[in-house]
Every structure is written in C-alpha cells, then in structure tokens.
Amino acid sequence: MPFQLAEAVPWGRSFDEYVAMFALSQRDLESRILGCGDGPASFNAELSARGGRVVSVDPLYQCSAAAIRHRIREVTPIVIDQLRKNLDGFVWHHFGSVEAVESARLRAMTAFLDDYARPDRSARYVAGTLPALPFAAGAFDLALCSNFLFLYSEHFPLEFHRASMRELVRLAPEVRVFPLVELSGARSRHLDAVIDALQGDGCTVAIRDAGYEFQRGATQMLTLHR
C-alpha cells in the first residue's frame, strides 16, 4: 500500500536537510530567502541563528506554539505508522531506522517550537496561504518550497499548482521546489503542465538532481528563473 495522508500535515525538516534538498550554497544562504510551506521545520530557526535572512510562510502560523505542539503530537503517530507500513518506499542510508526518523524530526520540530515561541519571531513566521501570499513583488532573492507543492498533487488540483508557482516567481527571481513526486512515489501528475505554463510565461525552467533521497525516487527539484 503506498504512503497515504488524508491532508498536508505539520512535519518539520532540519537545516541540514534543507541544504541537501535544495543544493543550497553559502551564497544562497546569504540571500533573502522565503521558505514557503515550512510548517514546523527548523530551517528558519537554525539559519536565523547563523545570521541568515529568512522568512517562513505557512497557514500553520495562525496558530499558537501550544496549538502547533498539540497538532504535532496528533500527527506524529500517523506519519510513523505510514513509514512502518511502507519501508520499501524509502531509502535508509541517511536515517537508519524509523526510530531515527522520528527522533530527527522531533528534534527539528522542537527547535522550531522554541524559536516560534520567541517574542521577536513574528517578522520571520508569517501566516499565509498559497496561491496568494502577503508580500510585495521581488521581496526575496530565493523562494524554497519543501514537501508541499507536487508532493500533495492528489489533494490540490493543477490550477492551484500553476497559480502557486506563478506567485512564487512573483516574489523571487529564483524558485526551487522539492520533491517532484507525489506521496505514492509517482512523478507528479501536474509537473509537465506546470512546466509548460511557466515556460509560456517566459521563465527558465529546469529539473536538477538534489543529491538527497529519503522518499524513494524523490531526488530532483524544479528550479525557475525569471
């Protein structure tokens, strides 16, 4: 049975995973970064602590730290159960076991929650929902979208994906999206049509190897330049 979730769930990745997923260079990390759909990832907390300039946007940030913590406790056993049922759908050289995944994710989400609870964090965590985000055009140098667009193709239609990608291009001259497969591991049903639309808009679009794989077959990211 393929990996299945009824909805997008808060499940945070670490700074190191972001660097690997998006092939981020030191120059990238010094740019003005938008993390779209970051949820409870620790990327913002860790990069900000290193002096980086990053804003995360997610509808989750309408909620208090306590409410997010409660939601994480609800979804963690669901995600872990899906991992156990689909061991062959993942590559285990980075995480040696399901327990190691759970431990790493909980560390990342704890780091997020500690940062999110800070009184001065509001400018870095903005509540917003694709495909219309509350930022001015060109507000960022680089927009990243991790484990949302394309991954949840079964849940969100083609037009949502097209509009969301156009919104990210409005906000930053470079956009990177990872991965390009659905939860089932199949190539996103929307990918080719989205690429055609963006190229029709005049964007330069490429599929690049990210050098990272946990979900089997999820090794590539989409890069856009306008």
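The model is predicted, so local features need pLDDT of at least 70, side-chain atom pairs count only at 80 or more, and totals for chains, interfaces and linings use all residues. Residues are numbered from 1 along each chain as its sequence is written, and side-chain values use heavy atoms, leaving out hydrogens and water.

**Exercise 1.** Work out what span helix α4 (residues 65-85) should have at 1.5 Å a residue.

Step one: the expected span is 1.5 Å times one less than the number of residues. Step two: α4 has 21 residues, so it should span 30 Å. Step three: its end C-alpha atoms lie 30 Å apart, which agrees.

**Exercise 2.** Find which residues of α5 (98-116) are buried, and what covers them.

Start with the cut-off: buried means under 20% relative accessible area, with a 1.4 Å probe and protein chains only. Val 98, Val 101, Ala 104 and Arg 105 pass, among others including Phe 112 and Tyr 116. Next, look for contacts, meaning heavy atoms within 4.5 Å. The cover includes α1 (15-21), α3 (43-49), α4 and β3 (125-126).

**Exercise 3.** Describe how α6 (residues 158-171) and α7 (residues 191-200) cross.

First, take the axes: they come within 10 Å and cross at roughly 40°. Next, classify the angle: under 35 degrees is roughly parallel, over 145 roughly antiparallel, 65 to 115 roughly perpendicular, and the rest oblique. The pair is therefore oblique. Finally, find the residues that meet: Leu 158 and Met 165 are among those in α6, and Ala 193 and Leu 198 among those in α7.

Key. Helix = DSSP H or I, 4+ residues; strand = E, 2+ residues; numbered from the N terminus. Buried < 20%, exposed > 50% of the residue type's maximum accessible area, 1.4 Å probe, protein only. Axes fitted to C-alpha atoms, helices over the stretch in contact; angles between N-to-C directions.
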